[in-house]
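Trainee: I have the model open. Can we go through how some of the helices pack?

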Amino acid sequence: MLNVGVIGYGYWGPNLVRNFSRQEGCRVKWISDTRGQRLEQAKKDHPFAATTTDHTEILNDPATDAVIIAAPVLLHYSIAKEALGKNKHVLIEKPMTSSVAQAQELIALAGRQNRTLMVDHTFLYTGAVRRIKTIIDSGEIGRLDYFDSTRINLGLFQPDINVIWDLAPHDISILNFLVSEKPVSVSATGISHTQNKLENIAYLTLFYQNNFIAHFSCSWSSPVKIRKILIGGSKKMILFDDVEPTEKVKIYDTGYSVKSDEEKHKILVDYRAGDIFIPKTEQREALDAVADDFVSAIRDGRPPAADGQSGLEVVRILEAADRSMRLNGKEIRL
């Protein structure tokens, strides 16, 4: 039996406890939160789990095999480092850490301790994203030209991180999962309307060597909630709309071809609009698959799909984006 402790019972913690409680061969032994009101709720929801306001009780319990960290981002590194030092397996909420150096240190420590280190990049475990990867890998949409993401809503304004660190990790992790090539540079701009210097609206662009480009729009200040990704290929295009309840993925047999007329010094563009295909996607709850992968990785001694390295690559882009915003959108090499 794998005994786990969940550190943080705020917005995401209850979902983590619920899904890990359903895993075969796994038991949620501990739940911690610094707020007494949240712990009272945890006791009602999961009366068989021990509760504490001090997460070190969990780390010092020799019977606890793994911890799941759903605390504020600025605490991820310190808690994970302490947990790995206590020989615990670790699953961290996104983003993994608040700096590249911290992520690299955790990866190295997990390697020395021979412990599993995983990041909760939940979207990598959705049926929609996994189906999109299958479609791209098959060559059906042709050469990848662009990735355009919009993730906007009204709130939740975070007190410790800006909107890029809060929302962009989802779509950056999806992009890195779908595209094997790494970006060469990043440019980002943003603005804060709350006088705390934490941007609530931001735009991020990634550049690649092969003429592929990726763009991200992030906002806590939108009157509507939009979760869309457009992926353009030389043959077809894909729309991923996560707000859609069932038809989340659509493949558009749409495109264009370009010819040059050297005599007239013109570019001739032919457009093509064909059918729309809606593939069937697995409806399993993504967080259930996250919990299953974490438990299985520990049991089988293999890396999880969203391992520490995948978390590092996301943080590397976020850190460079922050630097670019401080420099008014200057392109930063990765």
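Mentor: Start with helix 7 and helix 9, which are oblique to each other. Keep in mind that this is a predicted model.

Trainee: Why do helix 7 and helix 9 count as oblique to each other?

Mentor: Helix 7 spans residues 163-178 and helix 9 spans residues 308-326. Angles of 65 to 115 degrees count as roughly perpendicular, and those over 145 as roughly antiparallel. The angle between these two helices is about 130°. Helix 7 and helix 9 are therefore oblique.

Trainee: How do the residues of the contact of helix 7 with helix 9 divide into nonpolar, polar and charged?

Mentor: Helix 7 brings residues including Ile 164, Trp 165 and Ile 172, and these meet a set in helix 9 that includes Val 314, Leu 318 and Met 325. Among the others are Ser 173 in helix 7 and Glu 313 in helix 9. The division is eleven nonpolar, two polar and three charged.

Trainee: What is the handedness of the crossing of helix 1 and helix 8?

Mentor: The axes of helix 1 (residues 13-21) and helix 8 (residues 286-300) come within 9 Å. They cross at roughly 60°. The crossing is right-handed.

Trainee: Is Thr 122 buried or exposed?

Mentor: Thr 122 sits in the loop between strand 6 and helix 6. Beyond its neighbours within four places in sequence, Thr 122 contacts Trp 12, Ala 286, Leu 287 and Val 290. Buried means under 20% relative accessible area. Thr 122 has 11% relative accessibility, so it counts as buried.

Notes: Residues are numbered from 1 along each chain as its sequence is written. This is a predicted model: local features need pLDDT of at least 70, side-chain atom pairs count only at pLDDT 80 or more; totals for chains, interfaces and linings use all residues. Side-chain values use heavy atoms; hydrogens and water are left out. Axes are lines fitted to C-alpha atoms, for helices over the stretch in contact, and angles run from 0 to 180 degrees between N-to-C directions. Helices (H or I, at least four residues) and strands (E, at least two) are DSSP runs, numbered from the N terminus. Angles under 35 degrees count as roughly parallel, over 145 as roughly antiparallel, 65 to 115 as roughly perpendicular and the rest as oblique. Contact means heavy atoms within 4.5 Å. Ala, Val, Leu, Ile, Met, Phe, Trp, Tyr, Cys and Pro count as nonpolar, Asp, Glu, Lys and Arg as charged, and the others, Gly among them, as polar. Buried means under 20% relative accessible area, exposed over 50%, partly exposed in between (1.4 Å probe, protein chains only). A crossing is left-handed if the near helix is turned anticlockwise from the far one by less than a right angle, and right-handed if clockwise.
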